[in-house]
Amino acid sequence: MRSVFLLLAGLAAGAFLAPQARADSASAVVGKMQPLLDGADVYKHVCQSCHMPDAKGAEGAGARFPALAGNAKLASADYPVYVVLNGFGGMPWFSGMLTDKQVADVVNYIRTHFGNHYTDTVKPADVAAQHPTISPEEE
């Protein structure tokens, strides 16, 4: 009986003394992140791990990350803004994680690099206009 009590006491103490588990997401990381000052920084630290440094995408292990290099879907600036904010397919959304300026910067960056030559620029106000609105009835 005493060994059962000691076992239960040890398990209870371990549960209270163990570090708390955190969700596997960027928002659960505690600490300072280096500033993302322009579209190149955002791409390097957020996008290139999936879309690759050359933006040619990747495929393997059952996943496909589309190429951004020479991608005709980037012709309309609204499309990449929507995808960055809301996600698409297997891509997560970054609304609330990136500022409107960072979204505009990275969209402008990918649309003018990697063989893309789209010159119309996205402004933070354009990004803000694409945020979903929540009506009072939905709250």
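**Close-up 1. Asn116 in the loop between α4 (100–112) and α5 (124–128) of the predicted model.** Asn116 has a relative accessible area of 2% and is therefore buried, the cut-off being under 20%. The side chain of Asn116 reaches the backbone nitrogen of Asn71 at 3.3 Å, and Asn71 is also listed among the residues in contact with Asn116. Leaving aside neighbours within four places in sequence, the other contacts of Asn116 are with Leu68, Ala69, Gly70 and Leu74, together with Ile110 and Arg111.

**Close-up 2. The crossing of helix α3 (residues 78–86) with α4.** The axes of α3 and α4 come within 10 Å and cross at roughly 130 degrees, which makes α3 oblique to α4. The crossing of these two helices is right-handed. On the α3 side the contact is made by Pro80, Val81, Val84 and Leu85, and on the α4 side by Val103, Val107, Ile110 and Arg111. By class, the residues of this contact divide into seven nonpolar and one charged, with no polar residue.

**Close-up 3. The packing of helix α2 (residues 39–51) against α4.** The axes of α2 and α4 lie 8 Å apart, and the helices pack at an angle of about 90 degrees, so that α2 and α4 are roughly perpendicular to each other. Helix α2 contributes Gly39, Ala40, Val42, Tyr43 and Cys47 to the contact, whereas α4 contributes Gln102, Asp105, Val106, Tyr109 and Ile110. The residues of the contact of α2 with α4 divide into seven nonpolar, two polar and one charged. Ile110 of α4 takes part in this contact, as it does in the contact with α3, and Ile110 is also in contact with Asn116.

Technical notes
Residues are numbered from 1 along each chain as its sequence is written. This is a predicted model: local features need pLDDT of at least 70, side-chain atom pairs count only at pLDDT 80 or more; totals for chains, interfaces and linings use all residues. Side-chain values use heavy atoms; hydrogens and water are left out. Helices (H or I, at least four residues) and strands (E, at least two) are DSSP runs, numbered from the N terminus. Buried means under 20% relative accessible area, exposed over 50%, partly exposed in between (1.4 Å probe, protein chains only). A polar contact is a pair of N or O atoms within 3.5 Å; within protein, one must be able to donate a hydrogen and the other to accept it, and residues adjacent in sequence count only if both atoms are side-chain atoms. Contact means heavy atoms within 4.5 Å. Axes are lines fitted to C-alpha atoms, for helices over the stretch in contact, and angles run from 0 to 180 degrees between N-to-C directions. Angles under 35 degrees count as roughly parallel, over 145 as roughly antiparallel, 65 to 115 as roughly perpendicular and the rest as oblique. A crossing is left-handed if the near helix is turned anticlockwise from the far one by less than a right angle, and right-handed if clockwise. Ala, Val, Leu, Ile, Met, Phe, Trp, Tyr, Cys and Pro count as nonpolar, Asp, Glu, Lys and Arg as charged, and the others, Gly among them, as polar.
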